[in-house]
Structure formats: C-alpha cells, structure tokens
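Hi everyone, thanks for making time for this. Please have the sequence and the structure open while I talk, and we will walk through a few places together.

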Amino acid sequence: MNSGAHDDVMPQGRVVRLDRGWSTILLTSGDSVRVRNIGVEVAVGDEVNISSDMERVQSVNARRSALIRRASFEGARAQRQIVASNIDTVFLVHSLTSPPNERRLERELVLAFDSGANPVIILTKIDCVDSDAAKNVHNVLATVAIGVPIHMLSGITREGMDQLSGYISDGATIAVLGASGVGKSTLVNALVGHEAQEVGDVRESDQRGRHTTVAAQLVQLPSGGWLLDTPGLRAVNLWTSGHGIERAFKDVFDLSETCKFRDCKHSDEPGCAVQAAIENGSLPQIRLESMRRLVAEEASIEEEQRDREKSFDRRGSRRPAENRRRS
Ligand SMILES: Nc1nc2c(ncn2[C@@H]2O[C@H](COP(=O)(O)OP(=O)(O)OP(=O)(O)O)[C@@H](O)[C@H]2O)c(=O)[nH]1
Ligand SMILES: [Mg+2]
Ligand SMILES: [Zn+2]
C-alpha cells in the first residue's frame, strides 16, 4: 500500500472556476482537471494542491490577497464570499453610458483596498458618448477616487486600451469587478484577443445588463498574466476590513489628523478640520455621511462575528479556558 515518495508529490494548480462543490483547476502541467472541493474553502484564483488520486482539493496555499464581500444572509447570519484570490490589481469597471455612481464606487474601493491588491478605475464605452459627457462622468467619479488611476476606453473599438499594458505583466493577476452590463467580459475578451467570455446585451431603457457572466472565471493571457472575470454584482456589501475605509476615504482621514481632538467625532467639536472643510466647501458633506455608513456597516458585521464566536464557545469549543478569558 505504501506508495513511493515520487507518487506522493501532489499535483498543483490554480482554481479557474467553481461550480457547486467542484473546482476546475488549471494544473502547472498545463492540463485542466475537475475535482471535488469538500471540507476546504476554495476560491477562484487559489493556488491548490490536488490529492494524488486526482479526486479532490487537498489543501489551499496561503492567499497573498483576497477580494471578500458579504454574501447574502443565510438564515440570520452573514456569510463571507471570496470573490477572487491572489490578485495584484482590481479593475473597477463603470460604463460611461450610465450616470456616475460615486456611492457604489466608494464601496468598491473599500473592497479593493481591503483585498491587498491595487484598485484601478476603468470607464468603458467611450465610443458611445461625446467627450463632454465622458469628461463629466470622469470628473464626478474622480472626486471619490483619491490617488486611484482612471482610464477611459472602449472594449469594442479598442480606443484607450493601450493604457492598460502596464498592468499586464508576466504572472500578474487582474480581477475585473463591476455591475452587470458595464463591459467586464468585453474588456477581458479584448485583452485576451479572442472570445474567451460570453458577452450579453444591455436593456436599452436603463443600460442594465442581464447577468450574462454567472460564475467567476480565471483566464490566462497569452503573455502569462491572468484575468479574473466576475459576475456583475448587484450590491457591493462589505465584509469586516483592514484599512480599506481609511484608504478609500483618505481625504477625510487626512483632514481628521488636524482636528483639535484626537478622538474627534467630527460632529460639533471645536477645532474640527473635517467640519471646517465641509463649511468651506472643500469636502462634500455626503462624503462624511457615506464614510460613517460604511464604518457602521463593517462594525455590525464585526459585532456579529464576535457574537458568533462567543456562542460557539458556550456550546463547548476546544479552546482552552485561559484563551477564552483573554479574548
Ligand atoms: N459600444 C461599446 N459597447 C460595449 C463596450 N463594452 C461592452 N459593451 C457592450 O455592452 C454589453 C454588455 O457587455 P458585457 O461585456 O457582457 O458586460 P459584463 O460587464 O460582462 O456583464 P455581466 O456579465 O452581465 O456582468 C454588450 O452588448 C457589449 O457589446 C464598449 O466599450 N463599447
Ligand atoms: Mg460578463
Ligand atoms: Zn473632527
């Protein structure tokens, strides 16, 4: 029964797609296999080891970055969903044919910064709008994209596509995120150079897409880089975070450094730099409100997670008592 050392070498690869308990893995050998993933949390983009009988995912390598959102509530509990893992860049895609949605972009930026990858904003369908309209959408979105590059392009005519060459390097992974119909799959196809991903039309009346892409899919570029196309997100729900909010709201955080009180709540404290900026018109009031809403959203998820851990302890976990007391 004892197999030789050679047979114990586990095949390795990258998860390119997930379907209800099944992972499709692109092996380092170049072959593609479909294996079960039971008892392990697997995400698209993961680097995994396959059992030597080639039947299941044996283990998942530590992720260097992960795009995580709150999935829909299951029962009363929030669940996390790893949208993409081991990514270097996140393309946050918006269409120039729709009115700018700063609030949505703020959420996407928090998610992207929290992932550990670098966000880049892509405004598609430049071939469909006149330059004034394009400039307007660009300028409005730029107000919430502090220090984040914005590129306007067309996945159809390829105008502006050359701006993206710098992000595509050997081995780098780019996740493509955005609402349905904004042109994520079209962009992926334009970068790959063939119809790797199915594309669907949008409703004429409101430019909404039809959720053509139904599962995240990792696609390898001829250059050796990777693109991770994702289904259009209806809602950008946050999960608990690291420093995503601080980075996405760098303007507010920079101002608060100069508030008179270190624990300033930016309400009616004297010497509040944030309120002063709102009064002189350099910071929109809605930015502060928006940030507060996201902070509260994350705090409630964090609280729920803590409560869950506590109730788990009461049901009798195997954590030693001293640990329990410390936490
Ligand atoms: N004119 C023009 N049309 C575009 C461009 N990008 C996408 N489209 C069109 O917009 C529609 C939606 O494109 P998709 O690429 O399927 O959009 P998606 O973001 O992948 O949508 P989901 O998969 O539903 O999330 C299609 O009819 C595309 O041809 C663009 O840059 N210019
Ligand atoms: Mg798509
Ligand atoms: Zn303040």
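Let me begin with a word we need: two strands pair if DSSP finds at least two bridges between them. Please also keep in mind that this is a predicted model.

Now, to the sheet. Which residue stands opposite Met152 in E10? That is Leu123. The strand E9, residues 118-124, is joined to E10 by three bridges, and these two run parallel. If you are new to sheets, here is some background: strands of a sheet pair through backbone hydrogen bonds, either parallel or antiparallel.

Let's step back and look at the whole sheet. It is open, with six strands in the order E10-E9-E8-E11-E13-E12, and its pairing is mixed. Which strands stand at the edges? They are E10, residues 150-152, and E12, residues 217-220. Each of them has a single partner strand, so one side of each is left without a neighbour in the sheet. From one strand to the next, the twist averages 25°.

Two helices lie across these strands. Helix H2, residues 131-142, lies across E8 (89-95), E9 and E10, and it runs at about 165° to E10. Helix H3, residues 184-192, lies across E8, E9, E11 (173-178), E12 and E13 (226-229), running at about 160° to E13.

Next, please find Glu246, which sits in helix H4, residues 244-248. Is Glu246 buried, partly exposed or exposed? Its relative accessibility is 37%, so Glu246 counts as partly exposed, because that label covers values between 20% and 50%. The side chain of Glu246 also makes a polar contact of 3.1 Å with the side chain of His243. As for Pro284, it is 38 residues from Glu246 along the chain, and their C-alpha atoms are separated by 17 Å.

Last stop: the zinc ion, ligand 3. Which protein atoms are its donors? They are SG of Cys259, SG of Cys264, ND1 of His266 and SG of Cys272, lying 2.1 to 2.4 Å from the zinc ion. You can trace these residues in the sequence with the spacing C-x4-C-x1-H-x5-C. The angles among the four donor atoms are 106 to 115°, and the site is tetrahedral.

Why do we call His266 buried? Its relative accessibility is 10%, and buried means under 20%. Cys272 has 6% relative accessibility, so Cys272 counts as buried too.

That's my tour, and I'm happy to go back to any part of it.

How values were computed
Residues are numbered from 1 along each chain as its sequence is written. Chains are lettered from A and ligands numbered from 1 in the order in which they are written. This is a predicted model: local features need pLDDT of at least 70, side-chain atom pairs count only at pLDDT 80 or more; totals for chains, interfaces and linings use all residues. Side-chain values use heavy atoms; hydrogens and water are left out. Donors are N, O and S atoms within 2.8 Å of the metal (3.2 Å for Na, K and Ca); water is not among the atoms, so sites may look incomplete. Four donors count as tetrahedral if all angles lie between 85 and 135 degrees; four count as square planar and six as octahedral if opposite donors are over 155 degrees apart and all others between 65 and 115; anything else is irregular. Buried means under 20% relative accessible area, exposed over 50%, partly exposed in between (1.4 Å probe, protein chains only). Helices (H or I, at least four residues) and strands (E, at least two) are DSSP runs, numbered from the N terminus. Axes are lines fitted to C-alpha atoms, for helices over the stretch in contact, and angles run from 0 to 180 degrees between N-to-C directions. Contact means heavy atoms within 4.5 Å. A polar contact is a pair of N or O atoms within 3.5 Å; within protein, one must be able to donate a hydrogen and the other to accept it, and residues adjacent in sequence count only if both atoms are side-chain atoms.
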